[in-house]
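The dialogue begins once the structure has been shown.

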Amino acid sequence: LRTLRHRGPDSEGTYERPGAAIGQTRLAIIDLVTGDPPITNDAGTVGVALNGEIYNYRELRDELCRRGSSLHTQGDTEVIAHLAERLEPVALARRLHGMFAFAVWDDERRRLVLGRDRLGKKPLYYWAGDQHFVFGSEIKAVLAHPAVPRRMDPDALSAYLTFGYVPTPRTFFEGVVSLPPGHVLTVEPGGTPRIETYWQPRVPGSGGVERLDLGFDEAAAEVRRLVTVAVDRRLIADVPLGAFLSGGIDSSSVVGLMAQLSDKPVSTFTIGFEDQQGFDERPYARMVAERWQTDHVEFVVKPDAAELIDRLVWHHDQPFGDSSALPTFLLSELTREHVTVALCGDGGDELFAGYERFAAALIRHRLRRVPGPVLAGARRAADALSATRLKSRTGGLRRLLAEPGQDVPRAYLSWISYTSAEWRSALLPGASDWGFDDYTRIWEASAGGGVLDRLLDLNLRTYLLDDLLPKVDRTSMAHGLEVRAPFLDTDLVEFALRLPEPARIRGLSLKRVLKAAMADVLPPEVVNRPKRGFGIPLDRWLRTDLRSYTEGMLTAPSARVRAHLQPEAIDALLAEHQSGAASNGHAIWTLLTLEAFLRREGW
């Protein structure tokens, strides 16, 4: 529990019985008076530890009271304790809507049940040995138990270079695994853990799932209703509450709806850069803040903040390749000075196809009908243009036309990988490909669905699960800040995943139905602006302010990464970037966080 105090600085408690103990540190959000752990049923035979929020706990509480249960708190954890008396693990998890990881010890049944929310918004790791079963919200909590060994998974490096993370359920630590989202785990003394699915995304056309038969206007109206309900559910708190505001469609929609639902000004928080290359989104955020008269706070990130890498790695427990963790960490720190809960726009791109790579994948899929000579001519033209002043505009076209024989998932992966296939081979020759094998299995499981539907499913189970959600969870909880994502509401997710393709994408027009649903909430400049990810000017920083820092981390003979990867390839990767011949910023960042991790572990 000491390793998790940053997640729950307000109180802590344990529930202990012979042979079993569960506990939690608490960030007090709801029921500030009677909600401190440990939380049990009336008889004290069932104890519960909960990380997160159950948004439908009031309805469940009323139902339990009607059935004769006596509840002594006003929060959500006790609801789980009473439901666990009546329901088996799968049925229990299905009743809960929210972001959660829970542990239930039932002393009469001598049974431990762990459950994780449907999309994996809250983390849950465990290790199973012959005599012990250890679990925790972060890997460091599992490793704190003396029975758990601290060994590197030999296959982790390859997957990390590909994805910028180690895909669920594995981690960098051998034997320490993540409970998949939408699953419950049951373990009894002397038995092996049993994992069961209680929910998974449904892909139209696959497994008998039908697409919604709705007109565009009807779909937009329902999206508006569902997003409004989702935002309203997430305004329940007994502590100050605000919102992240990037100036994009998703966070701006959330802020607009919050303003309509609230009787006082919304507190909004934005982060930006002293930068002229399009990374600074503060002007757009100000438009939204002015439109809704929010109490708006801004913060500027400077290159020296990259020295936070060690802190980021400590909170992630693993190397993490997404450099946007840096501004998210600082934004959370700023926000926590003012509020305890913040709503965000995460999930809008995942549900409504907001990434350009979705449109590119559809184009790529349709290009399979184009004759080979025509494609070859187009590739030659793109190569020729790349040598001209149009170079910056042809990179995406060249990627789109490259290796037309690749299947959709492999092409899609090549666009999102932090380190290219060529550099991965140079850095780690002969590496295992298990990460891509898992990726392919997810794709194949949705056979029968449309290309866009299958890509959205793949994205939910990979990029959202192992990149976006851990990034926000670790960087916010590092400061004791709870972040809630209305777009990941279960009802909204299940509706949006069954929408017709044209409601989301038509040509290069993305998120069509969401834009229509929120047209009266958003300034026109926000609706019409190009898509911009929440990133930092990494390529420039690594060539200027952070150049000496990077070289000191990666090229020194004592650099641990040089013992695990090919030193000559590391040097060549850096040299290519510094010369301007290519932009390898994302790959270099993966190496920087890997080096920080290896130093910390002494590996």
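What follows is a conversation about cores, a helix and cavities.

Q: How should the model and its numbering be read?

A: This is a predicted model, in which local features need pLDDT of at least 70 and side-chain atom pairs count only at pLDDT 80 or more, while totals for chains, interfaces and linings use all residues. Residues are numbered from 1 along each chain as its sequence is written, and side-chain values use heavy atoms, with hydrogens and water left out.

Q: Which residues touch the most other members of the largest nonpolar core?

A: A nonpolar core is a set of buried Ala, Val, Leu, Ile, Met, Phe, Trp, Tyr and Cys residues joined through side-chain atoms within 4.5 Å. Buried means under 20% relative accessible area, with a 1.4 Å probe and protein chains only. Here the largest core has 173 residues, and Phe 102, Phe 172, Leu 326 and Phe 352 touch the most other members. Helix 18 (residues 451–477) gives the most to this core, with twelve residues; helices (H or I, at least four residues) and strands (E, at least two) are DSSP runs, numbered from the N terminus. A second, separate core of 14 residues includes Ile 22 and Tyr 126.

Q: What span should helix 6 have?

A: The expected span is 1.5 Å times one less than the number of residues. The 18 residues of helix 6 (residues 216–233) should therefore span 26 Å, and the end C-alpha atoms are 26 Å apart, which agrees.

Q: Which residues of helix 6 are buried?

A: An α-helix has 3.6 residues a turn, so residues three or four places apart point the same way. In helix 6, the buried residues are Ala 219, Ala 220, Val 223, Arg 224, Leu 226, Val 227, Ala 230 and Val 231. Their cover includes helix 7 (249–261) and strand 15 (341–343).

Q: How much space lies in the largest cavity, and which residues lie nearest its centre?

A: On a 1 Å grid over the protein atoms alone, a cavity is a set of points where a 1.4 Å probe fits but cannot get out; lining residues have an atom within 4 Å of a point. Grid points are joined across faces, edges and corners, and a volume is the space filled by probe spheres set on the points. The largest cavity holds about 240 Å³. Of its 22 lining residues, Tyr 125, Gln 318, Asp 466, Pro 470 and Arg 474 lie nearest the centre. Helix 18 gives the most to this lining, with six residues.

Methods
Buried < 20%, exposed > 50% of the residue type's maximum accessible area, 1.4 Å probe, protein only. Contact = heavy atoms within 4.5 Å. 1 Å grid on protein atoms, 1.4 Å probe; cavity = no way out; pocket = protein on both sides within 12 Å on 5 of 7 lines; lining within 4 Å.
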